[in-house]
Amino acid sequence: MRIDILTIFPGMFSGPFEESIVKRAVEKGLVQIFLHDIRDYASDKHRTVDDYPFGGGQGMLMKPEPLFAAVEDVQGQAAERGPIVLLTPQGRLFDQEVAVELARQDRLIVICGHYEGVDARVHEHLATDEISIGDYVLSGGELAAMVVVDAVVRQIPGALGSPLSSGDDSFAQGLLEHPQYTRPAEFRGMSVPEVLLSGNHGEIARWRRRQSLLRTAQNRPDLLASAELTEEEKQWLLTNLSSQ
Ligand code: 6GU
């Protein structure tokens, strides 16, 4: 997979992509990430990428010409085709399903929005997808791009240590992940649940499933609404939620 990121702050990406899973995926040749400075595509000597909104209003907007020029140039740098994703608080909400969908692409071109927004012609005629990472406003699309790239790259087969590692993640089954423990079995008087030490895989699986349901009901009842629970699980949850 090839990912091209168009940004006015390419330097912001040097830390996050040079550590951990993204770094390893790049080293393994599973993904190539290219950063492009949108200012390189400005046509004036001041390298202007923003301007005032027509009709008045607060702040500045990103001009269309440098963004169109950047996407056209970058697109020509490789034969692969894929979505042109504009990162903006006006986009569709990013979640695990979107991460999996994007991870299936051969190529992503990601545009980091900035200032008070982006000229609407970029939304309408250049971007093929618009993504927001949540209902809050960031100063720019860069942090969102890091979030999206991290979540996408870990879905590429081979990016994680074990091929099954991402299947257990929170959201992979539409529920939050169950609690996990490592050694020591007892720490400052806090002990690991007995069942996890029992070696009984059936019991362990049942405990984990119930803990997933409990966490999801407590922290993300919205997710529980679309999960499939057996009658027994519903009963168990009712009993155990009310006893907390
Ligand atoms: Cl993609 N960009 C900005 N600027 N703010 C956001 C966002 C994106 N997603 C959530 N908030």
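R47 lies in the loop between β2 (32–37) and β3 (50–51), and that loop is a handy place to begin. The structure here is a predicted model. Its ligand is surrounded by a shell of residues that includes L87, I133 and Y136, and the protein covers 96% of the 290 Å² of accessible area that the ligand has on its own.

- R47 is not a glycine, yet it has a positive phi of about 55 degrees.
- With a relative accessibility of 33%, R47 counts as partly exposed, because that value falls between the 20% and 50% cut-offs.
- R188 also has a positive phi, of about 50 degrees, although it is not a glycine.
- You will find R188 in the loop between β8 and β9 (190–191).
- R188 has a relative accessible area of 72%, so it is exposed.
- The peptide bond that runs from R183 to P184 is cis, and its omega is near 5 degrees.
- P184 itself sits in the loop between α5 and β8 (186–187).

**The surroundings of the ligand**

- The residues around the ligand are L87, T88, P89, I131, S132, I133, G134, Y136, L138, G140 and A144.
- Sorted by class, this shell holds seven nonpolar residues, four polar ones and no charged ones.
- Two strands, β5 (84–93) and β7 (129–132), each supply at least two residues of the shell.
- Of the elements that contribute, β5 gives the most, with three residues.

- A nitrogen atom of the ligand lies 2.5 Å from a polar backbone atom of Y136.
- For I133, a backbone N or O atom is 2.9 Å from a nitrogen atom of the ligand.
- L138 has a polar backbone atom 3.0 Å from a nitrogen atom of the ligand.
- The ligand has 290 Å² of accessible area on its own, and the protein covers 96% of it.

**A closer look at Y136**

- Y136 belongs to the loop between β7 and α5 (141–153).
- Its relative accessibility is 45%, so Y136 counts as partly exposed.
- The side chain of Y136 reaches the backbone oxygen of I133 at 3.1 Å.
- Y136 and P89 are 47 residues apart along the chain, and their C-alpha atoms are separated by 7.5 Å.
- Both Y136 and P89 are among the residues that surround the ligand.

**Helix α5**

- The 13 residues of α5 should span 18 Å at 1.5 Å a residue, and this agrees with the 18 Å between its end C-alpha atoms.
- Most of α5 is covered, as 10 of its 13 residues are buried.
- Those buried residues are G141, E142, A144, A145, M146, V148, V149, A151, V152 and V153.
- One of them, A144, is also part of the shell around the ligand.

**Helix α9**

- Helix α9 covers residues 231–242, and its 12 residues should span 16 Å at 1.5 Å a residue; the end C-alpha atoms are 17 Å apart, which agrees.
- Which residues of α9 are buried? They are E233, W236 and L237.
- These three cover an arc of only 100 degrees around the axis, so they lie on the same side of α9.
- An α-helix has 3.6 residues a turn, so residues three or four places apart point the same way.
- E231, L238 and S242 are exposed on the other side of α9.

- R2 is part of strand β1 (residues 2–7).
- Is R2 buried or exposed? Its relative accessible area is 8%, so R2 is buried.
- The side chains of R2 and D4 make a polar contact at 2.9 Å.
- R104 is placed in the loop between α3 (96–103) and β6 (107–112).
- With a relative accessible area of 64%, R104 is exposed.
- The C-alpha atoms of R104 and A145 are separated by 17 Å, and the two residues are 41 residues apart along the chain.
- A145 is one of the buried residues of α5.

Technical notes: Residues are numbered from 1 along each chain as its sequence is written. This is a predicted model: local features need pLDDT of at least 70, side-chain atom pairs count only at pLDDT 80 or more; totals for chains, interfaces and linings use all residues. Side-chain values use heavy atoms; hydrogens and water are left out. A residue is near a molecule or strand if one of its heavy atoms lies within 4 Å of it. A polar contact is a pair of N or O atoms within 3.5 Å; within protein, one must be able to donate a hydrogen and the other to accept it, and residues adjacent in sequence count only if both atoms are side-chain atoms. Accessible areas come from the Shrake-Rupley method with a 1.4 Å probe; for residues, only the protein chains shown count as cover. Helices (H or I, at least four residues) and strands (E, at least two) are DSSP runs, numbered from the N terminus. Ala, Val, Leu, Ile, Met, Phe, Trp, Tyr, Cys and Pro count as nonpolar, Asp, Glu, Lys and Arg as charged, and the others, Gly among them, as polar. The expected span of a helix is 1.5 Å times one less than its number of residues. Buried means under 20% relative accessible area, exposed over 50%, partly exposed in between (1.4 Å probe, protein chains only). The arc is that of the directions from the helix axis to the C-beta atoms.
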